Amino acid sequence: MITLDDRLLDAHARNDRTGLIALYAEAADTAHDIDAACFYLTHAYVFALEKGDPATEVLYQRLKAEGRV
């Protein structure tokens, strides 16, 4: 079975920015505590900023709702 970690490593190896945004958001959604979720959201947000991805605003709002920006 391919894990989320495996998929993240593969996306990093392929420099798949779009995939990384989605995978880090997925990791945030499945994290077991808010600190871990915000860690993953921050990564998704940074990749979205770099790419100019439309997900940037949604990710920003999620971080803001948790008092992380």
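The side chains of Arg17 and Glu50 meet in a salt bridge, with 3.4 Å from N to O, the term standing for a side-chain nitrogen of Lys or Arg within 4 Å of a carboxyl oxygen of Asp or Glu. This pair links distant parts of the chain, since Arg17 belongs to helix α2 and Glu50 to helix α3, 33 residues apart; helices here are DSSP runs (H or I, at least four residues), numbered from the N terminus. The model is a predicted one, in which local features need pLDDT of at least 70 and side-chain atom pairs count only at pLDDT 80 or more, whereas totals for chains, interfaces and linings use all residues. Residues are numbered from 1 along each chain as its sequence is written, and side-chain values use heavy atoms, with hydrogens and water left out.

Arg17 is partly exposed, with a relative accessible area of 31%, while Glu50, at 53%, counts as exposed; the cut-offs are under 20% for buried, over 50% for exposed and in between for partly exposed, with a 1.4 Å probe and protein chains only. The structure holds seven salt bridges, and among them is one between Arg14 and Asp10, whose closest N and O atoms are 2.8 Å apart. Asp10, Arg14 and Asp16 are linked in a network of such bridges. Another joins Lys51 to Asp53 at 3.9 Å, N to O; Lys51 counts as partly exposed at 41% relative accessibility, but Asp53 counts as buried at 16%.

A search of the whole structure finds four aromatic pairs, defined by rings of Phe, Tyr and Trp (its six-membered ring) with centres within 6.5 Å, and called stacked for planes under 30 degrees apart, edge-to-face over 60 and tilted for the rest. Tyr24 and Phe47 form a stacked pair, 5.9 Å centre to centre with 15° between the planes, which links helix α2 to helix α3 across 23 residues. Both Tyr24 and Phe47 are buried. The rings of Tyr45 and Tyr60 have centres 6.0 Å apart and planes at 40°, so this pair is tilted.

Methods
Helix = DSSP H or I, 4+ residues; strand = E, 2+ residues; numbered from the N terminus.
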